Amino acid sequence: MEKRKKWSSSVLFIMACVGSAVGLGNIWKFPYITFENGGGAFVLIYLFAIFMVGLPILLAEMLIGREAEANAYDSVKKLAGKVKSWRIIGALALFSSFAILSFYSVVAGWTLDYFFNAVTGNLAHLTFESTGPHFGAFVANPLKQVGYHTVFMSLTAFIILRGTKGIEKAIEILMPILGVLILLVAGVAISKYGSAQTLDFLFTVDFSKVTGHGILEAFGHAFFTLSIGLGAMIVYGSYFPREHSLGKAAIWIGILDTVFALMACLMIYPIIFGSGMNVKESSSILFTTLSVELQQLPGGQYICALFYLLVAFAALSSTISLLEPIASFAEEHWKISRKKATLVSAFSIWFLGLASALSNGASDLFTSLKVMDRLDYLTSNWTLPVGAFLVALFCGWWLSDEIKTRELGLKKNDTLYFMWNFLIRIVSPLILLIVFIYKLLQ
Ligand code: PHE
């Protein structure tokens, strides 16, 4: 059998996973859901969800991939042996990546339009009053929606055509630039408006501000942001050489993903608090109010352009990790060339994505069906958590201690191994079960 291609180094593996984790989830979603849920206490619950439930499952996914050395579907199939029902994990994973990428690429495309318009000075005329209608008209323009979605899917496919080498090349360039840009924009925002109110909001814990819904949202988002529950980390793990530590990688990914999410708040909140803007429509703030405010900073036009470029980079390193699970499945499962696998997968996802692209006012039918919102809801709230739940059970109860200890480089009676196994067998599934029951009762 041909030897599996692997990442060139442990650092590149971690960078690729962080690239997948850090995306629209961190920059667009986390700041607004934290804002809606009152800050400090929500952040604390989110951190609990990331480190107590998310990280153990992330480790489980990477371990499954490295052990089986295949795409998510075939990895689980291989390790499950005769028991066919576990294959549902792989099938669900394929469905989730397919559905998420189809609408994620549309939103990612928006950042390109804002970037080009900022560079050419076309956003300069926007005011707090006109920015909402401007955004509304933009998302209702079918040509632009389909056009940018096509560009973003093509960029993603172009990288994936070259497999791990392509991903590495892209990540090596994207991630450091992303780090620098985020610091720069946060620095500018803080120097103009100060950070006292932001820090106070993020770190003052007041549990009376969180609702049951907020707790669920924190958990759902923890999976989305760590890119778990859909096999992306199984595939990335399958390219990870055996001599490196999976545990260390998982911890780094958890920490860096959290740092990026908090940095995004440090970039956005000083502007919101400092300018006294009215944030009723917080979910579209990234494309409305923020674009006006960014223009008013020193060097505004360029800061604004940089900002949207940054979001586009973050999104691109995530979309490649959404296409890779599908392309690698097609390549390995149907034994077709990487080129064919990439093109067929990308084209089908692009096609499904047309429904999302036209669902914000461009087509009456798709708008009334709320395709984008529904796909987002279905995947973040159901298929990802259910996928993660099944992975926890599969890894916790089905895989042998021998496989797990070998992959983790631990012994069966190590406390660390005991703790992780306990989390994955009992704690994570139980918490997720409570979340599901609560959701069903709502
Ligand atoms: N984690 C990415 C983000 O936060 C989204 C994503 C989900 C990417 C699942 C890959 C897999 O934006």
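The bend at a residue is the angle between axes fitted to the seven residues ending there and the seven starting there. Keep that in mind as you select Glu 324 in helix α14, where a kink of about 25° lies shortly before the proline Pro 325. Helices here are DSSP runs of H or I with at least four residues, numbered from the N terminus.

Before going on, note that this is a predicted model, in which local features need pLDDT of at least 70 and side-chain atom pairs count only at pLDDT 80 or more, while totals for chains, interfaces and linings use all residues. Residues are numbered from 1 along each chain as its sequence is written, and side-chain values use heavy atoms, with hydrogens and water left out.

**Helix α14**

Now show the whole of α14, residues 300-333. From its first C-alpha to its last, this helix of 34 residues reaches 50 Å, close to the 50 Å expected at 1.5 Å a residue; the expected span is 1.5 Å times one less than the number of residues. Of those 34 residues, 28 are buried, meaning under 20% relative accessible area with a 1.4 Å probe and protein chains only (exposed is over 50%, partly exposed in between). Step past the end of α14 to Lys 335, which has a positive phi near 50°.

**Helix α2**

Next, select residues 24-36, helix α2. Its 13 residues should span 18 Å at 1.5 Å a residue, and the end C-alpha atoms are 17 Å apart, which agrees. Look for a kink of about 35° at Phe 30, shortly before Pro 31. Eleven of the 13 residues are buried, so α2 is largely enclosed by the rest of the structure; among the buried ones are Trp 28, Lys 29 and Tyr 32. Just after the helix, Gly 38 takes a positive phi of about 85°.

Most residues other than glycine have a negative phi. Where are the exceptions to select? Glu 69 counts as partly exposed because its relative accessibility is 25%. Then go to Ser 227, whose phi is positive at about 60°, in the loop between α10 (212-226) and α11 (232-238). At 9% relative accessibility, Ser 227 counts as buried.

**Aromatic rings**

The structure holds 32 aromatic pairs, counted where rings of Phe, Tyr and Trp (its six-membered ring) have centres within 6.5 Å; planes under 30 degrees apart count as stacked, over 60 as edge-to-face and the rest as tilted. Select Tyr 417 and Trp 420: their ring centres are 6.1 Å apart and their planes at 40°, so the pair is tilted. Both lie in helix α19, three residues apart, about one turn of the helix, and both are buried. For a cluster linked by ring pairs, select Trp 110, Tyr 114, Phe 135, Phe 138, Tyr 148, Phe 287, Phe 307 and Tyr 308.

**Further along α19**

Phe 436 is also in helix α19, and is buried with a relative accessible area of 10%. Leaving aside neighbours within four places in sequence, Phe 436 is in contact (heavy atoms within 4.5 Å) with Trp 382, Pro 385, Val 386 and Phe 389.

Finish at Lys 439 in α19, residues 415-441. Which side chain of opposite charge is nearest to Lys 439? That is Glu 217, 9.7 Å away; Lys 439 is buried yet has no salt bridge, a term for a side-chain nitrogen of Lys or Arg within 4 Å of a carboxyl oxygen of Asp or Glu. For charge, Lys and Arg count as positive and Asp and Glu as negative, with His and the chain ends not counted.

Notes. Helix = DSSP H or I, 4+ residues; strand = E, 2+ residues; numbered from the N terminus.
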